[in-house]
Amino acid sequence: MSRTVYLDGQYLPEAEAKVSIFDRGFVMADGVYEVTSVLDGKLLDFAGHMRRLTRSLNELGMDNPLSEQDYLDAHRKLLELNGITDGLVYLQVTRGNAGDRDFAFPPEGTPQTVVMFTQAKPGLAENPQAQTGLRVISAPDLRWHRRDIKTVQLLYPSLLKMEAKARGADDAWLVEDGFVTEGTSNNTYIVKDGTLITRDLSNDILHGITRTALLRLASEAQIKVEERPFTLAEAQAADEALITSASAFVLPVVEIDGAQVGNGQPGPIATRLREIYLEESRKTAI
Ligand code: PDD
């Protein structure tokens with residue numbers, strides 16, 4: 001069945017939603033995006049995603065073309081039109097149609113492009129990977145150095161996902177100067193002696209919305225949190241490893257580059273944090 005999607009103020013069948021070949025998002029990857037999960041028809045941490053969207057746009061010198069209420073209304077309308085119970089809403093804002101290809105930005109006042117669409121994911125919270133855990137490989141982090149901006153230039157993470165799959169793994173963890181930065185599309189954590197350890201915020205990683213929530217919930221659950229970089233060797237020797245993202249929530253990692261983490265099973269802290277995160281997210285969803 002064809003989806004109804006949002007394009008620049010209009011709700012259209014997906015086949016009719018067309019963006020110019022001169023759009024800066026298409027020719028320059030000059031755009032930012034957000035992914036908000038949906039459980040029971042409600043949006044998880046919508047305000048957090050809106051804050052990060054504004055920040056990403058600011059960092060690239062782009063205006064925010066819509067108000068938070070406009071985005072919320074559009075998200076809700078898309079959920080309703082497409083009958084989404086569990087899934088996600090993808091939102092992308094680009095610098096718009098420049099009318100030609102040029103490295104220089106288009107003139108001030110050029111309308112930006114705003115796209116939103118839904119993806120249905122029935123049973124999103126019942127991911128079997130929560131029981132089996134993920135197996136990851138490592139790879140050098142060859143991305144640019146403004147990973148804090150959620151841009152649509154996702155070629156390297158995409159190549160790595162394919163490499164991971166080709167090697168029988170689920171994902172890749174990126175390593176720079178000997179330390180893990182993050183996963184291809186998630187933030188990374190280890191647990192050692194009951195302490196949850198994750199890289200501190202900087203331009204080196206995306207400031208995950210799920211990460212912010214998880215660290216708060218972990219502290220509230222009396223789990224000690226340490227924000228600092230960790231090495232791959234430290235991760236392989238940890239008691240547990242895990243990842244977070246808006247669409248995966250919290251998932252355990254049981255193998256890194258062929259080395260078993262802990263006893264090779266999802267650990268108790270990762271499992272508990274997933275439960276706490278899901279419970280809290282459902283409660284605060286709008
Ligand atoms: N990815 N790091 C990277 C590189 C990411 O792409 C993501 C999210 C995260 C986690 O951020 P959050 O908790 O705000 O989702 C960390 C999204 C889900 C995606 O690209 O589909």
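Which side chain does Arg 282 meet in a salt bridge?

1. The model is predicted. In it, the side chain of Arg 282 forms a salt bridge with that of Asp 40, at 2.9 Å from N to O. Between domain 1 and domain 2 the count of salt bridges is three.

2. On the domain bounds: the assignment places domain 1 at 4–125 and domain 2 at 129–284. Taken over C-alpha atoms, the centres of domain 1 and domain 2 are 26 Å apart.

3. On the extent of the interface: domain 1 brings 23 residues into contact with 20 residues of domain 2. The two domains bury about 2,000 Å² between them, and carbon and sulfur atoms account for 60% of that area. On the domain 1 side, 29% of the area buried against domain 2 is supplied by Tyr 33, Arg 52 and Arg 55, more than by any other three residues.

4. On polar pairing: nine residue pairs are in polar contact between domain 1 and domain 2, with both residues of each pair at pLDDT 80 or more. On the side of domain 1 that touches domain 2, at least two residues each come from β3 (31–39), α2 (46–59) and β5 (87–94). β3 gives the largest share of that side, with seven residues.

5. On composition: the side of domain 1 that touches domain 2 holds eleven nonpolar, six polar and six charged residues.

How values were computed:
Residues are numbered from 1 along each chain as its sequence is written. This is a predicted model: local features need pLDDT of at least 70, side-chain atom pairs count only at pLDDT 80 or more; totals for chains, interfaces and linings use all residues. Side-chain values use heavy atoms; hydrogens and water are left out. Domain bounds come from an automatic or database domain assignment. Contact means heavy atoms within 4.5 Å. Buried area is the accessible area (1.4 Å probe) that two parts lose on being put together, summed over both. A salt bridge is a side-chain nitrogen of Lys or Arg within 4 Å of a carboxyl oxygen of Asp or Glu. A polar contact is a pair of N or O atoms within 3.5 Å; within protein, one must be able to donate a hydrogen and the other to accept it, and residues adjacent in sequence count only if both atoms are side-chain atoms. Helices (H or I, at least four residues) and strands (E, at least two) are DSSP runs, numbered from the N terminus. Ala, Val, Leu, Ile, Met, Phe, Trp, Tyr, Cys and Pro count as nonpolar, Asp, Glu, Lys and Arg as charged, and the others, Gly among them, as polar.
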